[in-house]
Amino acid sequence: MIGGFLDWLDARTDYRALLAPLRCRVLLNGPSWWFTSASCLLWVFVIQLVTGLLLMTKYSPSTTSAWASVHFIEQSPSGAFVRGLHYFASHLLILLFVVHVVRVLLSGAFRPPRELIWITGLLLMPLVIAWAVTGNPLSASQKGTAQIEVEANILGSTPLVGSALRRLLLGGDDVGHLTLTHLYFLHVALLPLLGIVLLAVHLHQVYRHGLTTVIRLPFMALGKPSGHARPYWPYQSVRNATVLVVLVSALAALAWRWGAPLEAPADPNLTIQPRPEWYFRSLFELRRYFTGEWEFVATLVLPLALLTFFIAIPLFDRVCPPKLGLTARLFVVAAGLGVWGWLTWNSYARDWRDPEYLAAQDKAAGWARRARLLADRGRIPPEGAAALLRGDPKVQGPLLFARHCASCHSHADPRGEGIVAAEPSAPNLFGFGTPDWIEGMLDPRAIGGANYFGHTKFADGDMASHVREWFADVSGDDAAELRAQARQVARALAAEAALPARRDADLREPEAIAGGAALLTDELGCTDCHKFHDQGELGSAPDLTGYGSREWLMGMIADPQGERFYGPERNDRMPSFAKGSDANGSDANGSDANRSDANRSDANGSDQAGYNLLHQRELELLVDWLRGDWVEHAPEPNDP
Amino acid sequence: MFHRRSMLKWISGALGTASAAVITLPGAHFLAEALRPHRRGQAIVQRVARLRDLSPGRPLQVAVVGSRRDAWTLYPEEVVGRVWLVRQPDDADGGRPPRVAAFTAVCPHLGCTIQLAPPGGRFICPCHRAEFSLDGAPSAGPGGKKSHAPRGMDELDCRLVRDSHDGDWWVEVTYEKFEQGLTSKVSKA
């Protein structure tokens with residue numbers, strides 16, 4: 001049946017005669033394991049085409065949609081696996097390329113009449129690199145975007161044409177929508193077209209001139225041809241397939257186990273320490289030795305000179321005595337791999353020894369996990385994936401705190417880890433609103449210490465004096481009893497804060513909380529100075545109603561001089577961060593737009609909001625972070 | 001006959017070229033848009049910080065916010081740049097007004113974001129470890145290695161303005177971008 005169809009097809013197309021050179025190829029010296037690199041390279045190339053075409057069905061190139069669509073691919077059935085294959089195969093392609101070039105160089109397969117095979121093959125090398133360079137940033141991740149920015153600027157430093165090349169690559173002056181469409185065009189259209197043309201010439205030449213049969217290096221004996229003529233199919237083919245299946249298994253294992261990385265969406269607010277991929281590490285290291293105006297020697301002249309040198313090898317070979325030629329080629333391979341390896345190793349070793357770099361990598365990995373977690377909940381808004389981290393208290397909180405609060409406040413755990421103010425002059429806010437933190441405020445040894453009022457004018461103020469008086473004349477069991485009471489008051493105040501982490505604990509012990517509240521208003525007399533719900537008055541100390549709650553904290557940061565908090569006279573040095581803000585007025589997409597707000601309203605005339613140091617949205621993010629109020633769980637099932 | 005044949009060849013060539021030109025000329029025009037320097041309009045002049053939030057010798061990074069157009073999207077309010085403010089040491093007798101220098105955080109080398117190296121006495125670009133002193137000048141790295149930066153950090157125009165309401169002094173910065181990789185400072189605008 002099938003045979004009949006093939007006969008019918010052959011009668012009309014003559015395909016058997018066309019394929020005859022393939023089917024009937026004979027290896028005069030027999031098959032060799034050394035010949036497998038070419039075939040594997042071709043099939044990995046095919047894997048890239050197939051997986052690339054598949055990925056195209058779900059990828060969308062624009063700064064708002066690229067990361068989101070890649071994340072969507074990761075969530076699609078087999079999407080992570082297909083993307084993982086594409087990712088790891090791109091690395092394998094480059095690795096195999098090097099192996100293949102070394103093999104061809106050592107076996108002398110570049111000799112006449114095979115010069116065109118050699119040249120087209122070498123020209124495929126920069127193409128494959130360009131392929132990787134244009135592919136890595138397509139996810140619009142932090143790392144990819146930073147890489148293409150630097151790479152475009154390297155291109156831009158080329159004399160004369162640099163600036164035009166840079167603009168063509170980026171689609172304009174800066175990385176944006178058009179960068180992604182340009183890179184996408186290069187990656188999926190222009191480079192494949194060029195690649196296929198070069199590959200067609202390459203393969204045509206291979207069939208026309210046949211495989212080299214001479215392998216005379218002693219250490220190549222392992223795969224040495226037997227010396228007996230054998231047809232290519234199946235004697236060589238089975239070797240090709242054996243190596244290929246090993247490589248494909250490795251790819252599948254990597255794609256299955258780890259998959260392709262997806263860093264956080266690019267956001268100029270979150271700065272990272274970008275590094276190139278491993279195949280560029282040697283150039284990255286090399287440029288250390290060429291600074292200033294000589295840098296293009298490392299990034300442009302040397303790579304091009306190297307490529308030209310390799311292309312010219314058939315010419316050198318012609319004038320070189322055969323024995324010397326082989327030694328020279330061995331030297332080129334050894335020196336090339338040696339220098340490449342040494343530079344690469346040095347570059348990695350330097351980073352691994354650099355604690356700042358490692359810390360930056362950790363931070364970026366944390367952002368990536370966070371972005372994926374938020375995206376897993378299906379919450380990517382229309383403005384794009386960058387909004388995920390911009391609206392996330394866990395990510396923005398520390399940045400806002402460091403920028404606005406850390407000149408006075410620390411936010412460091414008992415081991416001193418976290419944000420430590422250079423010159424602390426206000427309480428350490430780590431754990432603010434928890435029973436432990438509040439208990440410290442009621443501890444005569446702690447309240448005047450560095451973590452509480454130590455560096456403020458309240459160090460010997462009414463509150464600190466009261467606390468010290470309570471404990472002044474008691475000892476033994478009475479002191480223990482007093483401490484237990486303080487603990488209970490702390491529990492009651494922590495219940496006012498209603499931190500998300502305390503929700504269950506508060507629900508479990510309503511009596512303890514009620515008891516603490518009773519102590520606070522009656523026995524301990526806190527409401528002599530403080531207001532607490534319907535007890536006490538405002539005007540002499542901060543309000544304890546809703547102490548540490550979201551609303552309380554926002555009011556406190558917005559205007560500590562307000563009557564409900566410290567008032568204009570008692571306030572120490574804390575500035576009002578959002579005095580003019582109305583609680584729900586501002587839109588919710590500002591990240592750190594406070595200053596423009598300040599300027600704009602100032603230009604408009606007499607708007608009190610002109611003095612806001614914090615945008616409403618920033619204030620919310622900061623408070624939510626201080627209260628540990630953020631999404632922290634695995635995806636909710638069927639979350640829309 | 002011969003004349004006729006060469007004439008026909010010539011006409012075929014001409015017609016082919018004309019057809020190709022219909023495609024290639026608009027095509028080149030279409031692509032060349034990327035080559036045209038993008039007009040940004042005037043530089044952004046913005047108050048970025050209050051003078052009293054700056055202390056001498058302690059650089060502060062502030063954000064410049066403005067609208068940004070990215071091809072078909074207009075972002076009405078985005079961080080368009082970052083600026084390092086360095087307040088100069090005050091005069092001992094307090095006679096002269098305080099001085100503040102502003103530097104763009106964009107590295108003149110390859111455009112990464114310059115950061116403050118702990119503990120804060122110098123700037124460093126994390127990409128290629130170009131170091132700068134607090135006055136923006138490139139400084140040699142550890143072991144006397146020459147800085148990667150082709151020039152110092154790009155200084156921005158900066159002046160102190162007094163707010164008409166509360167009399168606070170503000171730092172007003174003129175934010176611009178500059179070409180990377182050159183030894184001299186060339187505005188991108």
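Is Ala71(B) buried, exposed or partly exposed? Ala71(B) is partly exposed, with 15 other C-beta atoms within 10 Å. The cut-offs are these: a residue is buried if 20 or more other C-beta atoms lie within 10 Å of its own, exposed if 12 or fewer, and partly exposed in between, with C-beta atoms placed from the backbone. Ala71(B) sits in the loop between strand 2 and strand 3 (73-87) of chain B. Its phi is positive, about 50°, although Ala71(B) is not a glycine.

The model is predicted: local features need pLDDT of at least 70, side-chain atom pairs count only at pLDDT 80 or more, and totals for chains, interfaces and linings use all residues. Residues are numbered from 1 along each chain as its sequence is written, while chains are lettered from A and ligands numbered from 1 in the order in which they are written.

Stay with chain B. Its secondary structure comes to 1 helix and 10 strands. Helices (H or I, at least four residues) and strands (E, at least two) are DSSP runs, numbered from the N terminus. From the N terminus on, the order is α-β-β-β-β-β-β-β-β-β-β. Chain B has 189 residues, and buried residues make up 31% of them. Contacts come next: two residues are in contact if their C-beta atoms, placed from the backbone, lie within 7 Å. Among contacts in chain B between residues at least 6 apart in sequence, 44% join residues at least 24 apart.

Arg58(B) lies in the loop between strand 1 (44-50) and strand 2 (60-70) of chain B. Arg58(B) is partly exposed, with 16 other C-beta atoms within 10 Å. Arg122(B) is 64 residues away along the chain, yet the two C-alpha atoms are separated by 9.9 Å.

Now the interior. A nonpolar core is a set of buried Ala, Val, Leu, Ile, Met, Phe, Trp, Tyr and Cys residues joined through C-beta atoms within 7 Å. The largest one has 96 residues, and Val83(B), Leu85(B) and Cys107(B) touch the most other members. Helix 5 (residues 79-107) of chain A gives the most to this core, with 9 residues. Another core, of 46 residues, lies apart from it and includes Cys405(A), Phe453(A), Ala464(A) and Tyr547(A). What does Leu85(B) contact, leaving aside its neighbours within four places in sequence? Its partners are Ala49(B), Leu54(B), Pro59(B), Leu60(B), Val62(B), Val100(B), Ala102(B) and Val171(B).

Next, where the chains meet. 36 residues of chain A are in contact with 34 residues of chain B. On the chain A side, helix 7 (142-156), helix 8 (162-170), helix 9 (177-209) and helix 25 (594-604) each supply at least two residues. Helix 7 of chain A gives the largest share, 5 residues. By class, the chain A side divides into 11 nonpolar, 19 polar and 6 charged residues. Ala, Val, Leu, Ile, Met, Phe, Trp, Tyr, Cys and Pro count as nonpolar, Asp, Glu, Lys and Arg as charged, and the others, Gly among them, as polar.

Helix packing follows. Axes are lines fitted to C-alpha atoms, for helices over the stretch in contact, and angles run from 0 to 180 degrees between N-to-C directions. Angles under 35 degrees count as roughly parallel, over 145 as roughly antiparallel, 65 to 115 as roughly perpendicular and the rest as oblique. Helix 7 of chain A and helix 8 of chain A pack at about 150°, with their axes 7 Å apart. That makes the pair roughly antiparallel. Their contact divides into 5 nonpolar, 4 polar and 1 charged residues.

The axes of helix 5 of chain A and helix 14 (residues 322-352) of chain A come within 9 Å and cross at roughly 165°. These two helices are therefore roughly antiparallel as well. Val102(A), Leu105(A) and Leu106(A) of helix 5 meet Arg329(A), Val332(A) and Val333(A) of helix 14.

Helix 17 (residues 393-405) of chain A and helix 26 (residues 616-626) of chain A have axes that come within 8 Å and cross at roughly 100°. That makes them roughly perpendicular.

Last, some backbone details. Most residues other than glycine have a negative phi, and most peptide bonds are trans. The bond from Pro112(A) to Pro113(A) is cis, with omega near 5°. The bond from Trp233(A) to Pro234(A) is cis, with omega near 5°. Pro234(A) is found in helix 10 (residues 232-257) of chain A.
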